[in-house]
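Please look over the chain shown below before reading on. The paragraphs that follow begin with a sheet, then turn to individual residues, and end with the chain as a whole.

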Amino acid sequence: MRIGAATGSELVTNGTFTGSATGWTLGSDVDYNSNNVVMVYTGGDPFLTQATIATTSGSIYEVTFTVSAATAGDGPIFYFNSNTFETPSFFGNGTWSVTFLADFTGTDTITFDDWNYTLGQTWTLDTVSMKTLTATARPTGNLEVQNISPDGEVIVGQGNYNSGSFPVGALEWLCA
């Protein structure tokens, strides 16, 4: 469910890795590879960071990125040094989008890292983006679970379809 539109300037420097990995710090198991970066875990530090991400507490952001060539059961995780929110455990092949409510004002560091540190695991990362989402009117009633898809996505909305409603503010991060 996506409420709001991405606005403002791009907050990630060279997220397309066009011509180089300028703006990023590459760990010992991450290499630039023709307009993307590739992680092959050999026992080192498989991280990729950018320390120039400006966030404002209370603002809502969307991070998108593409993972490809991930070996079975592998992919990156990502997190920030100062903003605290939970993301899925790891991201396998595909284009991913994570929306979050910032709880930190200042310059933060985004880190992509291997999630399981198994020798020989690999993944490719490209098209990393982060933008602010516009705020729209909040729903007037509580949001409730409407259904859960076969792949585990929670579908929310207003109404009495499900007997258990979320407490007020439980999905504040979703109401962008």
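In this predicted model, four strands form an open sheet with antiparallel pairing, arranged in the order β2-β5-β9-β7. The edges are taken by β2 (25-26) and β7, each of which has a single partner strand, so one side of each is left without a neighbour in the sheet. Strands here are DSSP runs of E with at least two residues, helices are runs of H or I with at least four residues, and both are numbered from the N terminus; two strands count as paired if DSSP finds at least two bridges between them. Residues are numbered from 1 along each chain as its sequence is written, and side-chain values use heavy atoms, with hydrogens and water left out. Because the model is predicted, local features need pLDDT of at least 70 and side-chain atom pairs count only at pLDDT 80 or more, while totals for chains, interfaces and linings use all residues.

Thr-25 stands opposite Thr-49 in β5, and Leu-26 has Leu-48 of β5 as its bridge partner. On β5 there is also an antiparallel pairing with strand β9 (residues 106-114), this one over seven bridges, in which Ile-53 is partnered by Asp-108 of β9.

Which backbone atoms does the side chain of Gln-50 reach? Gln-50 is found in strand β5, and its side chain reaches the backbone nitrogen of Thr-13 at 2.7 Å and the backbone oxygen of Gly-23 at 3.3 Å. For such polar contacts the limit is a pair of N or O atoms within 3.5 Å; within protein, one atom must be able to donate a hydrogen and the other to accept it, and residues adjacent in sequence count only if both atoms are side-chain atoms. Gln-50 is buried, with a relative accessible area of 0%, where buried means under 20%, exposed means over 50%, and partly exposed lies in between (1.4 Å probe, protein chains only). Contacts, defined as heavy atoms within 4.5 Å, link Gln-50 to Leu-11, Val-12, Thr-13, Gly-23, Trp-24, Asp-108, Thr-109 and Ile-110, when residues up to four places away in sequence are not counted.

Another buried place can be followed from Val-67, which lies in strand β6 (residues 60-68) and has a relative accessible area of 2%. With residues up to four places away in sequence set aside, Val-67 touches several residues, among them Pro-76, Phe-91, Trp-96, Trp-123 and Leu-125. Asn-36 is 31 residues from Val-67 in sequence, and the two are 9.9 Å apart in space, C-alpha to C-alpha.

Phe-91 itself is found in the loop between β7 (76-80) and β8 (94-101), and it is buried, with a relative accessible area of 1%. Apart from neighbours within four places in sequence, the contacts of Phe-91 include Phe-65, Val-67, Pro-76, Phe-78, Trp-96 and Val-98. Between Phe-91 and Ser-68, which are 23 residues apart along the chain, the C-alpha atoms are separated by 9.8 Å.

Two residues deserve a look for their backbone angles. Most residues other than glycine have a negative phi. Phe-17, although not a glycine, has a positive phi of about 55°; Phe-17 lies in the loop between β1 (6-7) and β2 and is buried at 0% relative accessible area. Thr-127, in strand β10 (residues 122-133), also has a positive phi, near 55°, but at 40% relative accessibility this residue counts as partly exposed.

Seen as a whole, the chain has zero helices and 12 strands, and 38% of its 176 residues count as buried. Among contacts between residues at least 6 apart in sequence, 67% join residues at least 24 apart.

The confidence of the predictor in each residue is given by pLDDT, on a scale from 0 to 100, and the chain averages 82, with 74% of the residues scoring at least 70. Over residues 158-176 the pLDDT stays under 50, and for these residues the model has 48 contacts beyond four places in sequence. Where pLDDT is low, the predicted coordinates should not be read in detail.
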